[in-house]
Amino acid sequence: MAAQGKVSLDASAGGIRQFADPAPPYEGPEEIKKETNITNSEKDHSDDEIVEEDLYRPLVMPEGIPHEENPLTIRAVVVGCLLGSLVAASNLYLGLKTGFTFGANMFGAIFGYGILKFMEKSGGKIPIIGGLFGPQENSIVQAAATGAGGIGGIYVAALPAMYRLGVMQEGHSPKDDLGAIFTITLVCSFIGIFYVTPLRKFFIIQVARELGLMFPTSTAVALTIRSMHAGASGSLEAIKKLKCLMICFVGAFIHRIASYYAIGILYDWHVFTWIHIWSGYKSWALNIESWGWYFEWTPAFIGSGILIGLNPAISMFVGAIMAWGIIGPLLVHYGECIGRQYDAEDPQWKDMYSFTSLSNLTGTPSPRYWLLWPGVMVMVCASMAELFVQYKVIWNGFTTVWNESCSGINNWYTSRGKTNAFFAKHGAPKERSEDMVVDPFPVSEQVKTWMWVVGLLVTLVIAMIIGHFQWEMNPGLMVLAIVLAFLFSFLAIQIGAVTDSTPLTAAAKASQLIFGAATRGDGYTIAQAQKINLVAGAVASGGADIAAALVGDFRTGFLIQTSPIKQWIAQTIGTFVSVWLGPGLFVLFTTAYPCIWKESKDDFGEVCPFLVPSVSAWAAVARAVTDPTIKIPFSSGMFAIAMGILSAAQVAFRHFYLVGEREKWRKWLPNWGAIALSWVIPAPVFASAALLGAIIAQLWRKYSMRTWDIYGYAVAAGKFCSILSLSVSVANIVLIRFHCWRGSRWCHRCRSHSWWCRWFRLRHKHCLPHELVLNDSRQWRFFLFFFFGLYFFG
């Protein structure tokens, strides 16, 4: 941390060093945690003047910004919800592909600025559209965007895992269970909002300085908003960012559409297959191809590599080499694991294998199943270790809550003319530093107590009802799940505020482990226990996700001086939108890609474009704690234990030994969460693309930091959201019809022994049959209308 939360603002710097968006579920890179020296141009100061600013107090806003009477406007909420919906679709795709998601706050702040600035200039005095636009309204946009971004974990992990484990009603698809998906989304979304609302003052005002709760990403969003509204220079810089974002957005979209018609040129480079073909089908290169070693020119993965940083990207690539270049081949060589041959009778392709099957766990396992357990173990151990090493922060947080609670009870006694020695002692005011922050907002601007209390009680009742009738979960277990969600949210907010990495993985896995013990021996069938286990994990991770997002928005609003009640309303509205949007998007994806929720029995019958690593990890934990018949290979279990101990030991080593002068060596330590992610993802294609993006970002920062400050996030966000939302959500669902029809007709015409035709068939098994794509024209026409309208408006 910078000294006591102060940063240098130097007029010569010319821009804000952006923080990355919220880190993936694995524990985030050191570069993000350390980047608290933020620079900004201030027109009041000369080039040589340095001004110290305290980031634990509201920011000093530039002169000339007019007062905003009511920043909670219809246009701000609508634009924020639309931008958040864009990120929600993007995160669903990326989460199913890679297992992690990104937040909507920075994207909403930058893109929202451009849209509302245009409306301000062109709308004149037209009601709703026109009118003054300032930084507080900008913070409302990002708050609504964050809410509409929704909770990704339930769709990219818990729900698909339930279907893959067969615990849902037999014969049902996600489309058939839309009502149950909607209600569990409702509970996971709103329970976090309501129980964390009264903790705003605690996290943002009372203990922020004492515990070093910087909230790096939220602070970066506030500083970015201020810089964009800092007169002509800030507006010019914001316009540059928006132009860059739009260029990358359109460029990535065009690239993805064009790649459907030249997939082997513009998208997938199967270099080892080329070598195999050029050698006359006599080379050993196809063995390498079988392990997934090819390169994919996807702007989404390259853009995410720009965001996550060099350390986790290198760690991910090293993990892929370990898993799919060393450990996996050795396991097959020594007979510990086996693969499935594509076509033993074809001498040209007899060396083509699949090593990713999870369909048969009774015999010799596949390398993917063997590596799954070490991956899950490292994720759990590294996440838990991150919690334990922050014991001082956690203890201080709980003691402060205890002190405040006792103080409140003692004041209640005092107001009635009574005394209680116990509460008077434990509720005595602590000595506060002179730097203690006073909440700048009066009671009238705070969230009313009745609002969150009524909301919490109603959500709790709804949770118990739907838990009993839809998820085979008695009210006591649902209350336990919500209590665990609150406790893990409390920890996740504190850890995320310090490290900029919210440990959602730890929250979910810890809840699963507790519920594994809670449901054992109570007469539940294995299927019932697994369903309850996954629902508990979803409530824990979803509640922690939403709670951390709301407190982060409170932090941004505190710095920008936006009313808490207005921010709360904006995020609540955005969350309400996400409750309706999220289930629809999930059903849409799972209808178009059934492989998300049901595994193919034939490894070569359908190559799923989604690797669903989080689904595998959640399902593995649910099986391990509920099913006594599940057998983990002995060698896999021993390796998992060793790697789990090593990853936890590194966390302790980094936290307790690499301090002071030795702290500079932290950046050289591998990111074990990223390594484990590569073990769970059965292909290294993402790791290689992300590494390319991280290298580009590193070289860019090294040789032109000023242009990176302006364009870096815009390039990453443009690539990320364009390729994921439009070309995936629309083109993949609509154009794939023509693409697959065209491909299958072309291949049927060519000779069966043509190498190009054989390769085309082999590499395009992911094309879906016509009946699996949305056949209801009203569905896909509405979807097209929605997203094209969203992008046109944007």
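Predicted model: local features only at pLDDT ≥ 70, side-chain atom pairs only at ≥ 80, totals over all residues.
Start with helix 14, which runs over residues 299-308. This helix is mostly covered, with ten of its ten residues buried. The buried residues are P299, A300, F301, I302, G303, S304, G305, I306, L307 and I308. Just after helix 14 comes G309, which takes a positive phi of about 95°.

I306 and I695 are 389 residues apart in sequence, yet their C-alpha atoms are 7.8 Å apart in space. I695 belongs to helix 27, which covers residues 685-703. Is I695 buried, partly exposed or exposed? Its relative accessibility is 36%, so I695 counts as partly exposed, because that label covers values between 20% and 50%.

The last stop is Q446, which sits in the loop between helix 18 (421-426) and helix 19 (449-470). Q446 has a relative accessible area of 17% and is therefore buried, since the limit for buried is under 20%. Which residues does Q446 touch, leaving out those up to four places away in sequence? They are R200, D439, F441, P564 and I565. With F441 there is also a polar detail: a polar atom of the Q446 side chain lies 3.1 Å from the backbone oxygen of F441.

How values were computed: Residues numbered from 1 in each chain as written. Heavy atoms only, no water. Helix = DSSP H or I, 4+ residues; strand = E, 2+ residues; numbered from the N terminus. Buried < 20%, exposed > 50% of the residue type's maximum accessible area, 1.4 Å probe, protein only. Polar contact = N/O pair within 3.5 Å; in protein donor to acceptor, adjacent residues only side chain to side chain. Contact = heavy atoms within 4.5 Å.
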